[in-house]
Amino acid sequence: MSGLLGARTCPGPGEASDLKSPRGARFREPLTEARFQQLFGDAEQEPELLAESRLSLLCRLWRRRARACSGPGAWRLLLARLPPLRWLPHYRWRAWLLGDAVAGVTVGIVHVPQGMAFALLTSVPPVFGLYTSFFPVLIYTLLGTGRHLSTGTFAVLSLMTGSAVERLVPEPLGGNLSGIEREQLDAQRVGAAAAMAFGSGALMLGMFALQLGVLSTFLSEPVVKALTSGAALHVLVSQLPSLLGLPLPRQIGCFALFKTLAAVLTALPRSNPAELTISALSLALLVPVKELNVRFRDRLPTPIPGEIVMVLLASVLCFTSSLDTRYNVQIVGLLPGGFPRPLLPNLAELPRIVADSLPVALVTFAVSASLASIYADKYSYTIDSNQELLAHGVSNLISSLFACFPNSATLATTSLLVDAGGNTQLAGLFSCVVVLSVLLWLGPFFYYLPKAVLACINISSMRQMFFQMQELPQLWRISRVDFAVWMVTWVAVVTLSVDLGLAVGVVFSMMTVVCRTQRVQCLALGLAEGTELYRPLRERHKLLQVPGLCILSYPTPLYFGTRGQFRRTLERHLGLREGGKETPKTDGPPDAVAEPIRVVVLDCSGITFADAAGAREVVQLARRCRDAGIHLLLAQCNASVLETLTQAGLLDRVTPEQLFVSVQDAAAHALERLESAGPKSCTVWV
């Protein structure tokens, strides 16, 4: 391979060239794309053969579809869609069963108070949180691929669903409802929440049918973390009326957080001292227990169930002291035993809730897929993002028939399951057993549970989300752009709403990607002395450059958004203007004499794709270079880019001998062309 090492002058026509390769010898001639295909690729097929190969491809696809309908094909499909058929035969019963049982029971104990608390956040009666902690967990155990994932009620989704429910089914302005009117209002709100679960599940199943699991990549980590952190602040503020015993209507829409704060401050003198005391004592127990579980997670055999202890203590205190009648403390009341009758949600509501179901579906999939990926990487197994879409879609769709509200994987219970020793999805079955026992037999014991305790459980469960802000200093050091995405998303979520904040975060994140493709620099390359590597000249290494030869690398996709920058950059480097040829820009030392460019090598390895506008820009560049007397060489174009350029008419402007497989081959050909052109003043700067 020809290169340039230590050369100071260009030889004349009759002199031996001292432009040598790094090893001092020429191993082969420069390879063009056409020559490479002749030597190592398939020769261009005749049209008849090409048509025959396409026909054989269609036949193979048809046979593959036919095999999928056979017995072995159906079994493979069943294995792909029911993951327990794959992992259950390899289950290590002695090593894993105890850990799954302990973890499942621990998570189930937490599901009971947390489900009731998040039901209040969703604006439905507490028992529906227990339903949402049972059916989705059972379904995900059968369909999910995340071995350490815990599903159920999630604060962010409950907040988003509650805001939509309050808007769709608002409480009458008077607020003083009779028992029957309250039951009717609750039934309408339960129907609206179930319709949202049905809509989000249907959307996720549609995404699964279209194999759109890749969409999870568009919700970047800064967007998801800022979304959950901002939503945690919404949860905290929305629970203040329950903490203080203030019967305030829920604020919805933009600036709801500030409206709630203003309403709480205005009504603060009317707060209930008994509920305020219960809230203070509950937080005084729950927060330290959460901290102990985190700090001593390696020493504790199982995390301390602070939530269930607080629920039992508060229920006993309220029952023995008659706090509900003496001090007007709001309690949970009777939890109906058993399960609701399966009922299809009111489909007439679907057009009204589609706009709310879409962000719920996106957040469900994004949070669940990111959590599953984190633990899959940690424990060395893989997840199927499209199967996760199916699992969560079916989970929401079927559970909506039993009056459940939208659900997903949860941060707190997933971490708790891992810390408690969970190994597989089997832990979800043990969790379901605990919730089932409450639904069938233990429900009456929660009759006297104060709702203020559930509000405290909501707030304490946000601990991990609040602490995500501790990562901001490190994020600032790593990437200022990601820091900006985090802050913009968080501010939008806090000031506007969770739905609009998510939209703002995704759009801003995508805009940063587009803007970064607009700000890349076209790099002039030089040969690193003693090697065959071409590096940017601005690196100030010992780089060699031949006057008259310009090697440029354009490291970004070439599409309609970057075509203008591509044109201006090439004009600046090559001295091309519409009015004629100008002196080209030099990246060498200030005292270097800029000579007219005679050969330019364009390294296309960084151009991952090109659209029609970008391809036409390259064709125009080839025309302008030919008119200016500059020999254009293209190097290292990938197959798709080369095909796009060919379709745009590039071969009408250049010959196949001007397309090379690498920068080294193109540079070697350029040096030979410069040598054959005759002696020039050819001092090379280092």
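Predicted model: local features only at pLDDT ≥ 70, side-chain atom pairs only at ≥ 80, totals over all residues.
Is Glu171 buried, partly exposed or exposed, and at what relative accessibility? At 30% relative accessibility, Glu171 counts as partly exposed, because that class lies between buried, under 20% relative accessible area, and exposed, over 50%, with a 1.4 Å probe and protein chains only.

Good morning. Residues are numbered from 1 along each chain as its sequence is written, and side-chain values use heavy atoms, with hydrogens and water left out.

Let me turn to the salt bridges. A salt bridge here is a side-chain nitrogen of Lys or Arg within 4 Å of a carboxyl oxygen of Asp or Glu. By this rule there are 12 salt bridges. In one of them, Glu171 is paired with Arg182, and the closest N and O atoms are 3.2 Å apart. The two residues are 11 residues apart: Arg182 is in helix 9 (residues 179-209), and Glu171 is in the loop between helix 8 (155-168) and helix 9. Helices are DSSP runs (H or I, at least four residues), strands are likewise runs (E, at least two), and they are numbered from the N terminus. Arg182 is also partly exposed, at 29% relative accessibility.

A second salt bridge joins Glu471 and Lys225, with the closest N and O atoms 2.7 Å apart. This pair links distant parts of the chain, 246 residues apart: Glu471 lies in the loop between helix 21 (463-466) and helix 22 (472-478), and Lys225 lies in helix 10 (residues 221-238). Glu471 is partly exposed, at 36% relative accessibility.

Arg624 belongs to helix 26 and Glu571 to helix 25 (residues 563-574), 53 residues apart. Both Arg624 and Glu571 are buried. As for shared partners, salt bridges join Glu221, Lys225 and Glu471 into one network.

Where does the chain go between strand 9 and strand 10? Strand 9 (residues 599-603) and strand 10 run parallel and are joined by five bridges; two strands pair if DSSP finds at least two bridges between them. Within this pairing, Val601 has Leu633 as its bridge partner. From strand 9 the chain crosses through helix 26 (residues 612-627) to strand 10, in a right-handed β-α-β crossover. Right-handed means that, with the strands pointing away from the viewer, the path from the first strand over the helix to the second runs clockwise.

Strand 10 (residues 631-635) has five of its five residues buried. His631, Leu633 and Ala635 point one way, while Leu632 and Leu634 point the other way. Strand 10 also runs parallel to strand 11 (residues 659-660), with two bridges between them, and Leu634 has Leu659 as its bridge partner. Strand 10, helix 27 (residues 639-647) and strand 11 form another β-α-β unit, which is right-handed.

Finally, a word on cysteines. How many disulfides does a search of the whole structure find? The search finds zero, where a disulfide is a pair of cysteine sulfur atoms within 2.5 Å. Cys318 is buried, with a relative accessible area of 0%, and Cys404 is buried at 0% relative accessibility.
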